[in-house]
Amino acid sequence: MAQKVITIYTDDLTGEESTEAATHTLSLDGVTYEIDLSPDSYDQLLEAVGPFLKAGRKTGKGGRKPRKAAAAASEDTAAIRAWAKSSGYNVSDRGRVPAEIREAYQKAK
């Protein structure tokens, strides 16, 4: 028996069929959405959110920490590693610093 599979792409906004519909991902307040839009509907989306995108800041995928916080965290880690080594703790040069070493560092400060 032969089978024929037909895929119909539909614009989620208009409900119309479109051979050019593509999936787009949006994120707002921690919730990620996917929507299939034809090029015309995508243009409408960009026109609607464009001013907000221009005024906003890109955070990249995954919502990374701001650079200042990440730099401060790595400086703290470097100081903790140096303290731990000078205090006789066995700590690796890379990876996460164990919680017990961090706690000992805080108590020693």
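How many residues lie between S1 and S2 in their hairpin, and which residue in the turn has a positive phi? The legends below begin with that view.

**View 1. The hairpin of strands S1 and S2 in the predicted model.** Two residues separate the strands, and Asp29 in the turn has a positive phi of about 55 degrees. S1 covers 22–28 and S2 covers 31–37; strands (E, at least two residues) and helices (H or I, at least four) are DSSP runs numbered from the N terminus. The two strands run antiparallel and are joined by seven bridges, where pairing requires that DSSP finds at least two bridges between strands. Leu28 has Val31 of S2 as its bridge partner. Asp29, a residue other than glycine, lies in the loop between the strands and counts as exposed because its relative accessibility is 76% (buried means under 20% relative accessible area, exposed over 50%, partly exposed in between; 1.4 Å probe, protein chains only).

View 2. Ser41 counts as buried because its relative accessibility is 4%. The side chains of Ser41 and Asp11 are joined by a polar contact of 2.6 Å (a pair of N or O atoms within 3.5 Å; within protein, one must be able to donate a hydrogen and the other to accept it, and residues adjacent in sequence count only if both atoms are side-chain atoms). Beyond its neighbours within four places in sequence, Ser41 is in contact (heavy atoms within 4.5 Å) with Asp11, Leu13 and Thr14.

**View 3. The largest nonpolar core.** Its six residues are Ile80, Ala84, Val91, Val97, Ile101 and Tyr105; such a core is a set of buried Ala, Val, Leu, Ile, Met, Phe, Trp, Tyr and Cys residues joined through side-chain atoms within 4.5 Å. Helix H2 (67–86) and helix H3 (99–108) are the elements that give two or more residues to this core. With neighbours within four places in sequence set aside, Val97 is in contact with Thr77, Ile80, Arg81 and Arg102.

**View 4. The two faces of helix H3.** Ile101, Ala104 and Tyr105 are the buried residues of H3. Down the helix axis, these buried residues fall within an arc of 100 degrees, so they line one face of H3; the arc is that of the directions from the helix axis to the C-beta atoms. Exposed residues Glu100 and Lys107 are on the face turned away from the buried side.

**Notes.** Residues are numbered from 1 along each chain as its sequence is written, and side-chain values use heavy atoms, with hydrogens and water left out. In this predicted model, local features need pLDDT of at least 70 and side-chain atom pairs count only at pLDDT 80 or more, while totals for chains, interfaces and linings use all residues.
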